[in-house]
Amino acid sequence: DPRGRRELGGRAPDHGDPRRRAPAAVRGVRPHAVLLTGRSPARYGRGGSATTLPTPTDAGDLPGLLWQPEDRERPVPGVVVLQEIFGLSDYVQQRCADLAALGYAVLAPQLFARLDPPVMGLEDREDADSWLAEGMELTARLPWERAEADAIAALGALRAHGAVDRERVGLMGFCYGGGLAFAATAGAAAE
């Protein structure tokens, strides 16, 4: 990079490589294998735009965004995508569109809609420290149990959607959402 840092393994980065923006864990992967990284548009087809899908919960409806694949002749598998600490950011929304382009129905609940005032997602900032601090503050304001219950409710809402094969629905998440997906999966299995 411009500051002279090196990639993992001591190699200088290839500035023409679109994977350069990918997390360190996936750098060096063959270009056609890189799927859910980077910020460029989906290269596996079009995921389309999202529509709103409210999720009924014990605390009232929770707004969410739903992406569906173009080909919906029969029920498709579904995945609930749980946000990062920065909310339902542009990055997470693009990953949802990528998954839809691959044939999944994707529901992303807007967990920070529970906050006062509601937050959709934080914009990327140059000042990473303040950006991270604001994301951490948002997650601290949303009780973990509430977020977990909302994730389980979103799983139920996606299973109930007519375009989705209710037997092939899962949870995944980014950052904060990854831990939440793990906890919600355990919670849903206990129910």
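Predicted model: local features only at pLDDT ≥ 70, side-chain atom pairs only at ≥ 80, totals over all residues.

Modeller: Residues are numbered from 1 along each chain as its sequence is written, and side-chain values use heavy atoms, with hydrogens and water left out.

Biologist: How many helices and strands does the chain have, and in what order do the elements run?

Modeller: Helices (H or I, at least four residues) and strands (E, at least two) are DSSP runs, numbered from the N terminus. The chain has four helices and five strands, in the order β-β-β-α-β-α-α-β-α from the N terminus.

Biologist: What share of the contacts joins residues at least 24 apart?

Modeller: A contact means heavy atoms within 4.5 Å. Counting contacts between residues at least 6 apart in sequence, 69% join residues at least 24 apart.

Biologist: What percentage of the residues is buried, and is Leu107 buried or exposed?

Modeller: Buried means under 20% relative accessible area, exposed over 50%, and partly exposed in between (1.4 Å probe, protein chains only). Of the 191 residues in the chain, 42% are buried. Leu107 lies in strand S4 (residues 105-109) and has a relative accessible area of 0%, so Leu107 is buried. Leaving aside residues up to four places away in sequence, Leu107 touches a set of residues including Leu53, Leu65, Val80, Ala154 and Leu158. The C-alpha atoms of Leu107 and Thr52 are 9.2 Å apart, although 55 residues separate the two along the chain.

Biologist: How do H3 and H4 cross, and which residues make the contact?

Modeller: Axes are lines fitted to C-alpha atoms, for helices over the stretch in contact, and angles run from 0 to 180 degrees between N-to-C directions. The axes of H3 (residues 144-160) and H4 (residues 176-190) come within 9 Å and cross at roughly 70°. Angles under 35 degrees count as roughly parallel, over 145 as roughly antiparallel, 65 to 115 as roughly perpendicular and the rest as oblique; H3 and H4 are therefore roughly perpendicular. On the H3 side the contact includes Trp144, Ala151 and Leu155, and on the H4 side Tyr176, Ala183 and Gly187 are among the residues involved. The residues of this contact comprise 10 nonpolar, two polar and one charged, where Ala, Val, Leu, Ile, Met, Phe, Trp, Tyr, Cys and Pro count as nonpolar, Asp, Glu, Lys and Arg as charged, and the others, Gly among them, as polar.

Biologist: How many salt bridges does the structure hold, and are Arg95 and Asp98 buried or exposed?

Modeller: A salt bridge is a side-chain nitrogen of Lys or Arg within 4 Å of a carboxyl oxygen of Asp or Glu. The structure holds seven. One of them joins Arg95 and Asp98 at 2.9 Å, N to O. Both residues belong to helix H1 (residues 90-101) and stand three residues apart, about one turn of the helix. Arg95 has a relative accessible area of 1% and is therefore buried; Asp98, at 3%, is buried as well.

Biologist: Which partner does Arg125 have in a salt bridge?

Modeller: Arg125 pairs with Glu134, with the closest N and O atoms 2.0 Å apart. Arg125 is partly exposed at 32% relative accessibility, and Glu134 is partly exposed at 30%.
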